[in-house]
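Please look over the notes below with the model open beside them.

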Amino acid sequence: MAGEKYVYDFSEGHKGLKELLGGKGANLAEMTRLGLPVPAGFIVTTRACQAYLATGHNPDGLDAEIDEHLAALERTMGRRLGDAEDPLLVSVRSGAAFSMPGMMETVLNVGLTDASVTGLAAQAGGNERFAWDSYRRLIQMFGKTVCDVPGEEFSDALEEAKKAKGATDDLHLDAADLRALVDRFKRIFAKHTGYDFPQDPREQMRLAMEAVFRSWNAERAVLYRRQERIPADLGTAVNVCSMVFGNLGADSGTGVAFTRDPASGSQGIYGDYLSNAQGEDVVAGIRNTVPLEDLKRLDPKSYEELLAIMAKLEGHYRDLCDIEFTIERGKLWMLQTRVGKRTAAAAFRIAAQLVDEGMITLDEALRRVSGAQLAQLMFPRFDLSADPAVLTKGIGASPGAASGRAVFSAARAAELAAEGEDVILVRRETNPEDLAGMIAARGILTARGGKTSHAAVVARGMGRTCVCGADQLEISGTRFTVNGQTVAEGDVISVDGTTGRVYLGSVPVRPSEVVQYFEGDMVEESTLVDAVHTIMGHADATRRLAVRTNADTGEDAARARRFGAEGIGLCRTEHMFLGDRKELVERLILSSTESARNDALAALLPLQRADFVDLFRAMDGLPVTVRLIDPPLHEFLPSLEELAVNVAVARERGEENAEEAQLLDAVRRMHEQNPMLGLRGVRLGLVIPGLFAMQVRAITEAAVQLAGEGLNPRPEIMVPLVGAVQELEMVRQECEQIVAEVVADSGVEILIGTMIEVPRAALTAGQIAEAADFFSFGTNDLTQMGWGFSRDDVEGAFFWRYLELGIFGISPFESIDRDGVGRLIRIAAEEGRAVRPELKLGVCGEHGGDPESVHFFHEVGLDYVSCSPFRVPVARLEAGRAAVTSEDSDSR
């Protein structure tokens, strides 16, 4: 865009410009505004990235703006980029609007060349080791990041240098060793690129910036965005920052700090520090760090200054802050801050703590947690009552309990997971290329790294169980050895991301304390349960949407009620006809005379009535929506293929069974090519006389019986698969006659409505509302028919490819398709209420428990959502979040 500003100095931005400057750049600018010690630098905007990705080159005017800001940076620092005598070096780092740890590129020490490496040594007081160490880091990062040189060739060369020296880590390599390593790295670079390592500092910076732009569409970044549902068109900013050096000696170092524990939420001093290192060494986990508290002993002045800055940042952001810092010869520099990723337990604890401290409101606390996090807290934990032997112990970096087969590569993890195996990914340390395996694995175990390593940060963001820094592990190929015990690929291990313990074999699990709380069981005093109680209480007090459950038995209904369900939104009566009753339904469907049909219905009536008595009793005083029988006929009939084979074999043997042959003829008559679109739902009720009448009578008689016991049953009869108002009118007339006959003076009131699951029903909702007391959206079938998908077939057949290509960000069966299926719902809601303002609207498909979908249903104006019992707390929380989010939007 002509005249658009593409480059901002740190002093020009602020945290509110996250979408333009990226999270990292906006927060560097914010810290600069707060007067904190931030190295000087500038930011190239996300819009420049978008333009670059669209055209393959920088937008007009960008290069001139970069030159202008680079000149200003050089004046500020009193040095020129790559100057041979007194060089300015810069870092070139990515920074998207949403945190994507390790997914995109960073290049440090940009500007260093053969000519300036001696100048850097002189600048550092004659420290040649530091200068050559910085140069080898630049070639390694530049080669891998910018020019796609295989990173393992650099790593192997470094390992060979350490082995030749007899060194255990890179700190024991001296200046001569590192100078030789630089020469080796240059040869590796030239071999793979066909040209020498660039010696023009400005060219280095340009190429590094373009590599950052391109990394937005790198495979691992695309995969991470898809996993985290981050929009694909945002682009990344580029942050150019003057270098400060943590690898200048023992009085220098680098670290990552959290203002609260990101794993548990506990208050205190949390983080990792590494002396004589650059920032990437900490997150890469190449050396095990020391706890942040050790900095108090190593550098008391910097430690106290860091604590003061941490307190200032947490107070300013009113949240857990994740901070990267470097100490250069006793001088503290802040390199990054952001609102830190945290585990589900930490999210709830921290939100409640900040409310207690008066830093945020309950509304804000509700916005800061999510249904997905609550679902994680409801997962089981290891049952250690049998005192399983501990194989080893590392750092609990992301809580949870996970058992699976040990695998040693991301590719193998993805392969076995696709075959249905539970796996634990075991690595020395993870890197961004391991992302696919981390997503596939149940848990992650690394020998190196701490709570701020790549493995820990990514695992916490994804809700994966993770143990890091288990440094007793000796990993070799596809096995590891620890304490004399060898574990080979395929052996089962268990990892506890809370305690950091690793066990050999599978360890049984027990319910989480959060589930016990929802169940009403007594639990030990728990800060987590207290936090969940506080936030859930506010969600319930705030939400407009009611939350019901999908339940077919009294036992399921009772459990859902303990979880907070306010009724049943879907009772699938066909589930009541399975098992021993299937034969009765088969007799009903295949009956050739009215007498036989009536006998089958008479046998089913008392069974159905008893089912509804249990259900209504469990939900006393709450509404229960009963869907009349809906499944395709083939679910109740013998298999045509098996029956045909049996009859043919019997005939061949001269043992033909007349009854079986008649059954085959009947099944053939009723056979359908596409049963899901055939004789089911309302069509079945209209074709088989007495079927719906039997169910309605059972519902009504059960309600009257309980009313006679002094209870308050509130049944709602739902007619499935209606596509035309005439279908509903005919069924309603039959229902009302039976209800009037049975209810008499009992005081029982019964609503009659329909499920909106056929697109035509949504588009003619104004007509259908004339005959309906309520609509319940069956989003599973509405999605199938709206998209023309057969769910059972397509999810395994090609959805994976649609997700890979970006056609889907997420399966439309998992989260509501707002533009298509969602529009049908919106039309039906608006047109139905236009005809009948008091029309009750709900949803009972799987989407009723999906967090994103709950927000949509709130926006559309539905009265309730219904979901499986286990998802009821999630829906309650998200309904509250939807309410405070919409209030926040309205206030703006």
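The points below start with the basis of the values and then go through the structure by region.

1. Basis. This is a predicted model, in which local features need pLDDT of at least 70 and side-chain atom pairs count only at pLDDT 80 or more, while totals for chains, interfaces and linings use all residues. Residues are numbered from 1 along each chain as its sequence is written, and side-chain values use heavy atoms, with hydrogens and water left out.

2. Cavities overall. Six cavities of 30 Å³ or more turn up in a search of the whole structure. A cavity here is a set of points, on a 1 Å grid over the protein atoms alone, where a 1.4 Å probe fits but cannot get out; lining residues have an atom within 4 Å of a point. Grid points are joined across faces, edges and corners, and a volume is the space filled by probe spheres set on the points.

3. The largest cavity. Its volume is about 190 Å³. The lining has 18 residues, of which Ser91, Arg93, Leu108, Met243 and Leu335 are the closest to the centre. At least two lining residues come from each of α1 (18–33), β5 (90–96), β7 (236–242) and α10 (279–284). Strand β7 gives the most, with three residues. Helices (H or I, at least four residues) and strands (E, at least two) are DSSP runs, numbered from the N terminus. By class, the lining has seven nonpolar, eight polar and three charged residues. Ala, Val, Leu, Ile, Met, Phe, Trp, Tyr, Cys and Pro count as nonpolar, Asp, Glu, Lys and Arg as charged, and the others, Gly among them, as polar.

4. The second largest cavity. This one has a volume of about 60 Å³. Its lining includes Met77, Arg79, Gln123 and Met243. Six of the lining residues are nonpolar, two polar and one charged.

5. Strand β8. What covers the picture for β8 (residues 253–260)? Eight of its eight residues are buried, meaning under 20% relative accessible area with a 1.4 Å probe and protein chains only. Strand β8 pairs antiparallel with β9 (residues 267–275) over seven bridges, and Thr254 has Leu274 as its bridge partner in β9. Six residues lie between the strands of this hairpin, where Gly265 takes a positive phi near 90°. Strand β8 also pairs antiparallel with β11 (residues 321–328), over six bridges; there the partner of Phe258 is Asp322. Two strands pair if DSSP finds at least two bridges between them.

6. The barrel. Eight strands close into a barrel with parallel pairing, in the order β26-β27-β28-β29-β30-β31-β32-β33. The twist from one strand to the next averages 30°. Strands β26 (residues 546–550) and β27 (residues 568–572) are joined by two bridges, and Thr549 has Ile568 as its partner in β27.

7. Helix α27 (residues 691–708) lies across β28 (623–627) and β29 (714–719), at about 170° to β29. Helix α28 (residues 725–743) lies across β29 and β30 (751–756), at about 150° to β30. Axes are lines fitted to C-alpha atoms, for helices over the stretch in contact (heavy atoms within 4.5 Å). Angles run from 0 to 180 degrees between N-to-C directions.

8. Asp611. Leaving aside neighbours within four places in sequence, Asp611 is in contact with Met576 and Arg581.

Conventions
1 Å grid on protein atoms, 1.4 Å probe; cavity = no way out; pocket = protein on both sides within 12 Å on 5 of 7 lines; lining within 4 Å. Buried < 20%, exposed > 50% of the residue type's maximum accessible area, 1.4 Å probe, protein only.
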